[in-house]
Amino acid sequence: TAAHDPSGPPAGAAERDEACNPYGVGPERAAAAILAVVDDAWRLAGGPPGGLAHAYVTVGVAGVERAQERDPLLATLHAGGLSPERLELLGDPWVALEGALPAEVVGPGGRVLLVGGTGSAAVGIGRDGRRARVGGWGSRVGDEGSGAWLGIEAVRATLRAIDGRDPDGPLARAVQAAWGEGAEALVGRARHAVPAEFAALAPTVLALEDDPVAGALRARAVAALAELTATAA
């Protein structure tokens, strides 16, 4: 988070290692993390005590695309002292787009950004200012091609191998080495795993260059990410 004079460079930057996705941690915990880092940035920028209530604040955070997560977080941020008239709450892909492809640098043409991490989404702004957002619906029903998706598909492929539906291979052995031997261990872990835990299996899928199962998952991931980008464009 950076507090700054719009005509100049950032004057105060702050960083905290706290989760602030309201979908994952709830609006109260998310708001507390956001308010803490915004207050740090304001203080480091030399902002006057109590003046943050009169500042313009833009917050980019995951998990606010749906009103049922966004509205409680907005209300909690307002209660924490941020002005309702001066607070802008955006999904993090839009902030990433402006950071990676600022209009003043790339020119007046359309801009499209693919976000591929634990989750996946593509966002774009056309020449006429029209906005498009594709994907980013969470690992339970979407986020195709992401790290979490690769991990989930790797566990599914391992269970198929354990069943005997597919041959055993390096990917199935690597997943069991990481999560436990046998279907019972895998299903028990998967039942309570958060997306980041699934995403931790993605490097294994990427590293097994000679394994055909891992290779097929990589190809599907690439196709899904390309589809997100092309659709947004």
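Predicted model: local features only at pLDDT ≥ 70, side-chain atom pairs only at ≥ 80, totals over all residues.
Biologist: How many residues are in the largest nonpolar core?
Modeller: There are 21, and Val57, Leu73 and Leu77 have the most contacts inside it. A nonpolar core is a set of buried Ala, Val, Leu, Ile, Met, Phe, Trp, Tyr and Cys residues joined through side-chain atoms within 4.5 Å. Buried means under 20% relative accessible area, exposed over 50%, and partly exposed in between, with a 1.4 Å probe and protein chains only.

Biologist: Which elements give two or more residues to this core?
Modeller: Helix H2 (27–44), strand E3 (57–61), helix H3 (67–79) and strand E4 (87–91) do. H2 gives the most, with 8 residues. Helices (H or I, at least four residues) and strands (E, at least two) are DSSP runs, numbered from the N terminus.

Biologist: What does Val57 touch?
Modeller: Leaving out residues up to four places away in sequence, Val57 touches Val38, Leu52, Leu82, Arg86, Leu87 and Glu88. Contact here means heavy atoms within 4.5 Å.

Biologist: Back to H2. Which residues are buried there?
Modeller: Among them are Ala30, Ile34, Val38 and Asp40. After H2 comes Gly46, whose phi is positive, near 85°.

Biologist: New topic. How many salt bridges does a search of the whole structure find?
Modeller: It finds 12. A salt bridge is a side-chain nitrogen of Lys or Arg within 4 Å of a carboxyl oxygen of Asp or Glu.

Biologist: Which residue meets Asp40 in a salt bridge?
Modeller: Arg16 does, at 2.7 Å from N to O. Arg16 sits in the loop between strand E2 (10–13) and helix H1 (22–25), and Asp40 is in H2, 24 residues apart.

Biologist: Is Asp40 buried or exposed?
Modeller: Asp40 is buried, at 11% relative accessible area, whereas Arg16 is partly exposed, at 41%. Arg16, Glu18, Asp40 and Arg43 are linked in a network of salt bridges.

Biologist: What does Arg220 pair with?
Modeller: Arg220 forms a salt bridge with Glu153, with the closest N and O atoms 3.5 Å apart. Arg220 lies in helix H11 (residues 212–232) and Glu153 in helix H6 (residues 147–163), so the pair ties together parts 67 residues apart in sequence.

Key. Residues numbered from 1 in each chain as written. Heavy atoms only, no water.
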